Amino acid sequence: MKQLKISAFLIAITLLIGCGESAPKTDNLFQFKEYITQTTSGRQSIASPIVIELSADVEAWEVNSELDASLVSLVPSVAGTLTAHNKRTLVFQPSENLTPNTEYTVTLSLGKILEVSEEFQSYSFAFKTIEPNFSILTDNIRSYSKEWQYLEGSLSSADIISLSEVEQVLKAQQKGKSLSIKWEELNPQEYLFIVDSITRYEEDSELELSWTGQHLDIDNEGESNLLIPGKSNFSIIKYDVSQYPDQHLILNFSDPIKKGQNFKGLVTIAGAKSLRYVVDGNVLSVYPSVRLTGNAVVTVFQGIESFDGYKLKN
């Protein structure tokens with residue numbers, strides 16, 4: 001039998017510039033509260049527009065009309081278009097994505113829009129673009145057949161990243177042979193991938209994953225090796241705990257699990273009663289009847305069988 005010590009609470013650890021123009025000093029928004037309500041601030045995406053909201057309507061503005069872009073200037077300098085989103089909101093849309101991890105100072109020529117005294121002729125504020133980074137998570141290994149398997153996973157980026165850039169981040173090899181990786185874009189910050197055509201050899205082998213953000217100026221690189229058991233080695237290759245929507249233990253086996261087995265007594269969780277078992281291909285999910293906290297010992301006995309009739313090995 002196998003014993004695994006797991007935690008019911010998991011912590012995900014997420015497995016980057018310049019000189020030129022001198023930025024003007026920023027102003028205190030509170031001192032300008034009679035004229036300006038809010039502006040873009042904090043960390044922003046490289047693709048985000050810059051928004052300035054005034055305290056009162058400017059009757060001369062037509063909704064969504066283009067305004068003189070020189071009313072707004074940026075340091076470092078950025079070209080773009082300026083529009084009146086409504087009668088009190090200015091939106092500056094840069095012509096190109098901004099530079100990552102860079103502080104920008106924006107100056108609004110307030111005196112060219114409103115009648116204000118000398119000390120309020122211009123208003124300056126700052127924001128910074130997001131520091132780029134990414135994390136890669138691998139899911140369960142699943143089987144096409146006795147000879148072929150695939151690995152699912154995901155990549156999450158701190159900011160927008162293109163599919164062509166993502167495709168250069170991750171590489172996969174098995175016995176020195178590069179494997180195909182198929183990508184699917186969920187949104188510009190979230191991607192799914194499948195490492196395809198993983199071979200089940202007679203003996204155990206390893207799937208070697210490596211990643212780097214060097215081409216994106218991201219200081220993030222690493223590698224991970226996953227065991228691919230041989231054809232006759234029915235075994236557990238990965239285990240995890242999912243908390244949502246229902247807390248459950250996930251056991252990822254090397255082969256599809258034989259359905260219709262009675263798992264009662266074959267997989268136990270110390271302190272848990274009335275366990276519920278769900279088989280999905282290579283994955284056995286075990287649900288306790290009540291949510292567990294702290295650490296628990298999981299025991300997996302050798303009576304579990306694969307679809308092909310192999311028994312679990314030590």
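Trainee: Which side chain meets Asp255 in a salt bridge?

Mentor: The general idea is that side chains of opposite charge can pair when their charged atoms come close. This is a predicted model. In it, the side chain of Asp255 meets that of Arg200, at 2.9 Å from N to O. The two belong to distant parts of the chain, 55 residues apart: Asp255 is in the loop between β20 and β21, and Arg200 is in the loop between β16 and β17.

Trainee: Are Asp255 and Arg200 buried or exposed?

Mentor: Both Asp255 and Arg200 are buried. They also belong to one network with Lys146 and Asp308, joined by salt bridges that share partners.

Trainee: How far apart are the closest N and O atoms of Lys146 and Asp308?

Mentor: They are 3.6 Å apart, and the two residues form a salt bridge. Lys146 lies in the loop between β11 and β12 and Asp308 in the segment after β24, so this pair ties together parts that are 162 residues apart in sequence. Lys146 is buried, at 19% relative accessible area, whereas Asp308 is partly exposed, at 46%.

Trainee: Which strands hold Arg142 and Glu152?

Mentor: Arg142 and Glu152 form a salt bridge with an N to O distance of 3.8 Å. Arg142 is in strand β11 and Glu152 in strand β12, 10 residues apart. Arg142 counts as buried because its relative accessibility, 16%, is under 20%. Glu152, with a relative accessible area of 26%, is partly exposed.

Trainee: How many salt bridges does the structure hold?

Mentor: The structure holds 11 salt bridges.

Note on methods:
Residues numbered from 1 in each chain as written. Predicted model: local features only at pLDDT ≥ 70, side-chain atom pairs only at ≥ 80, totals over all residues. Heavy atoms only, no water. Salt bridge = Lys/Arg side-chain N within 4 Å of Asp/Glu carboxyl O. Helix = DSSP H or I, 4+ residues; strand = E, 2+ residues; numbered from the N terminus. Buried < 20%, exposed > 50% of the residue type's maximum accessible area, 1.4 Å probe, protein only.
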